[in-house]
Amino acid sequence: MACALASFIAPASADEPLFRLQDARGDDYGNGTLIYPNRDDMQRGDLDIISLEAERRGGDTWFVVELAQPIRSPVGRVTELGQTPVERIARNGFYTFNVDIYVDTDRIAGSGQTGAVPGRSVAVDRQFAWEKAIVLTPRPDIARTMLQMHFDSQFEEELRARQGKVSKDELRQLQGSSEQRVNDLFFFPTNVRVAGRRIEFQVPEEFLGGAPSPSWGYTTLVTGAELEQTGRPGQLVPPKPVMMTMATARGVRWSQWGIRSDADSATPPVIDIIAPGDEAQKAILSNYDVVSGRLAAVAGVRPDGSATMAGSGEPATPEQLGKIESVTKGSATDARSTPTERRTVPARLRTLNELLEDGLITQAEYNELRRKILAEL
């Protein structure tokens, strides 16, 4: 069985590769049920990711994605709605796909985010909870605006649920919070180059917090790009945001992934991930529960093969997750703690000691978290 391979090359100079991850060929079918649309510009292999690598070039960091087939150019294509030249709205040399890279920089399970971009219909496995997300998409400015609007709505809904109404001043503050959240957590590359089967894009090290490390975790998703979403009625802010993600529907469609008649209607629209083998990919993308609302949790890969945390690998309990949350974010879910105590450094250090004693984190993770907590003083 073909499987994903991770290789790490220690840089000898500023222009050397930092890491390279490889994925199996021919597994661009999601959980095994997705069928390519019936259109001439999307064929099997077009969205089949076979490698992800990062390089330092003259002090800059570039990520490089390689697909199984040459990347389709928008030149000469027109949109379905309005017959607009595609190259006018997709200006970076590609238009059929999105690639998300969720980067776990602190290597601590449960520390960070697990939500993926809206519309992907998957989560990131908590063992690879991420601090930074790189979203390569054909219309980065529109995608950024849509994501910020998504957080606007989310924050307003949360505040309205707490206090019943929201003033104009509060709405402006929420919009500022949404913009800051997007700036802190997400990067939409605009310096992009396409050549054959490869697409490379620059990512500032200031955003990542340093050069990409082979000890970090990288969760990589490929989805089809719904390029004209903003032109469809009600789609700029749809009831369920989809962030330019091509959806799924039964049968063979022109602008959607097809799913077989015996496939579940909630099948995620993720066509490929970097995973240790095609069977692992099928299992990961099929492991969701509509009744409970649990999404398929996609695991990442660490190029150096290092583990994520101490322990047996069994799923953490809600209490354990609460402890990790209280240390990494300064908010506890332990009912015995008062609201004031939940935010104090001493309380977080006590919880950190418990995590180490319970075997939920390694000594190295303990040292790093303790350093971060003390740096807040």
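This is a predicted model: local features need pLDDT of at least 70, side-chain atom pairs count only at pLDDT 80 or more; totals for chains, interfaces and linings use all residues.

How many bridges join β6 to strand β12? Select residues 217-224 for β12 and you'll find eight, with the two strands running antiparallel. Residues are numbered from 1 along each chain as its sequence is written, and side-chain values use heavy atoms, with hydrogens and water left out.

Now show the whole sheet: it is open, has five strands in the order β9-β8-β6-β12-β15, and its pairing is mixed. β9 and β15 (270-273) are the edge strands, each pairing on one side only. (Strands are DSSP E runs of at least two residues and helices are H or I runs of at least four, numbered from the N terminus; two strands pair if DSSP finds at least two bridges between them.)

Next, click Thr105, in the loop between β6 (97-104) and β7 (122-124). Thr105 is buried, at 18% relative accessible area; buried means under 20%, exposed over 50%, partly exposed in between, with a 1.4 Å probe and protein chains only. Leaving out residues up to four places away in sequence, Thr105 touches Glu131, Leu208 and Trp216 (contact is heavy atoms within 4.5 Å).

Last stop: α2, residues 140-163. Its buried residues include Met146, Phe151 and Phe155, and α3 (168-185) and β9 (186-187) are among what covers the buried set. Gly164 follows α2, with a positive phi near 90 degrees.

Definitions and conventions. The expected span of a helix is 1.5 Å times one less than its number of residues.
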